Amino acid sequence: MTAALDDRPVLALETSCDETAVALYGAAGLIAHTLHSQIKLHAEYGGVVPELASRDHVSRILPLTRAVLTEAGLKPADLGGIAYTAGPGLIGALMVGAAAAAGLAAALDVPLIGIHHMEGHLLAPMLEMPAPAFPFVALLVSGGHTLLVEVQGIGQYTLLGESLDDAVGEAFDKTAKLLGLPYPGGPELARLAELGRAGVFRFPRPMTDRPGLDFSFSGLKTAVLTALPRDANAQTRADLARGFEDAVTETLAIKCARALDATGHRTLVVAGGVGANLRLRERLNVLAAKRKGQVFFPRKDFCTDNAAMIAYAGWMRRSEGLPAVQGFPTRARWPLTELQAVSA
Ligand code: KG4
Ligand code: ZN
């Protein structure tokens with residue numbers, strides 16, 4: 001006989017990059033979540049400065065933890081486990097969340113649960129109503145990853161395709177920089193593209209002219225740079241942003257359709273920061289409708305980094321929690337396909 005699962009709430013800490021986030025998940029679902037974004041801290045450098053990120057996490061993590069517990073009306077002693085993002089991410093930033101989580105788990109004598117950041121993203125749509133049912137194809141599009149994954153269940157992941165160079169979010173950020181937009185570039189570029197005209201600039205749809213599910217986005221920013229006139233006016237920059245966004249979102253949609261064909265699944269799940277992009281959402285909604293399938297997205301705030309998704313994954317994996325005294329592993333790099341399946 002297996003021991004009954006501890007149904008007390010799981011507290012989750014997310015510190016993999018430039019957001020400090022804390023959330024609570026329990027038997028009735030998501031209880032509370034909060035987040036501090038470091039955007040202002042890194043803006044003047046045009047990108048995330050890892051050492052500044054780590055230091056800011058150090059000063060935020062415990063006040064945010066207290067705030068979430070107060071909001072939920074819970075005491076530390078009410079918790080049944082502590083989840084944290086164990087990787088992939090900036091190693092110093094990860095270590096802050098890991099050390100705080102391990103300290104709490106040891107003090108409370110509850111299990112410590114290390115979560116894969118991309119599994120968190122992948123499962124974020126599970127926090128919505130209705131939630132997608134397994135099996136499905138997941139498109140994970142963040143600042144560090146572009147993955148197409150076949151998902152049979154939690155921890156049952158088959159990699160179908162990935163970017164051979166820049167991740168989609170990275171391509172958005174780098175192209176935004178070229179166009180003179182501030183960090184973080186993705187949402188800024190999307191805003192500028194709203195003012196752009198479709199078809200004025202037509203950029204390649206990389207790797208769609210051959211079979212396969214891999215991506216390549218680094219050439220697109222070069223294509224934008226080549227097309228960018230030295231004295232580009234506001235309308236030209238907006239047209240370039242629109243051309244870039246159309247090329248990226250159409251490429252993603254073509255590969256999603258192929259992945260659905262290859263696996264025979266009818267459900268598509270989209271997650272990660274670029275999942276907040278409205279044109280991508282629009283395009284994939286049209287694709288799903290045409291195929292009489294379904295597409296699921298997390299709410300916009302849960303597309304980008306957050307602790308609610310880590311809390312959900314931690315809750316689902318709470319049976320795997322380890323005593324904190326065994327250490328608190330962190331991994332800057334960590335293939336999603338190495339995760340263990342969770343029995344239903
Ligand atoms: O998932 P995420 O918050 O962090 C990582 O795990 O990387 O993704 C951040 C990425 C950034 O590259 C950001 O520019 C991009 O997601 N992003 C967007 C939008 N919102 C965030 N890209 C395009 N359109 C958006 N609306
Ligand atoms: Zn992320």
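## The shell around ligand 1

Helix α5 gives the largest share of the shell around ligand 1, with 3 residues. Helices here are DSSP runs (H or I) of at least four residues and strands (E) of at least two, numbered from the N terminus. The model is predicted: local features need pLDDT of at least 70, side-chain atom pairs count only at pLDDT 80 or more, and totals for chains, interfaces and linings use all residues.

In total, 18 residues surround the ligand, and the closest are H121, G143, D173, G273 and D305. A residue belongs here if one of its heavy atoms lies within 4 Å. By class, the shell holds 5 nonpolar, 11 polar and 2 charged residues. Gly counts as polar in this scheme.

## Polar contacts and burial

A polar contact is a pair of N or O atoms within 3.5 Å. H121 places a polar side-chain atom 3.0 Å from an oxygen atom of ligand 1. G273 has a polar backbone atom 3.0 Å from a ligand oxygen atom. For D305, a backbone N or O atom lies 3.0 Å from an oxygen atom of ligand 1.

Taken alone, ligand 1 exposes 550 Å², and the protein buries 86% of that (Shrake-Rupley method, 1.4 Å probe). The elements giving two or more residues to its shell are α4 (117-123), α5 (168-178) and α6 (185-193).

Domain 1 (3-123 + 303-338) and domain 2 (133-297) both give residues to the shell, so ligand 1 lies between them. The bounds come from an automatic or database domain assignment.

## The chain

The protein chain has 11 helices and 10 strands. Residues are numbered from 1 along each chain as its sequence is written.

Notes: Chains are lettered from A and ligands numbered from 1 in the order in which they are written. Side-chain values use heavy atoms; hydrogens and water are left out. A polar contact is a pair of N or O atoms within 3.5 Å; within protein, one must be able to donate a hydrogen and the other to accept it, and residues adjacent in sequence count only if both atoms are side-chain atoms.
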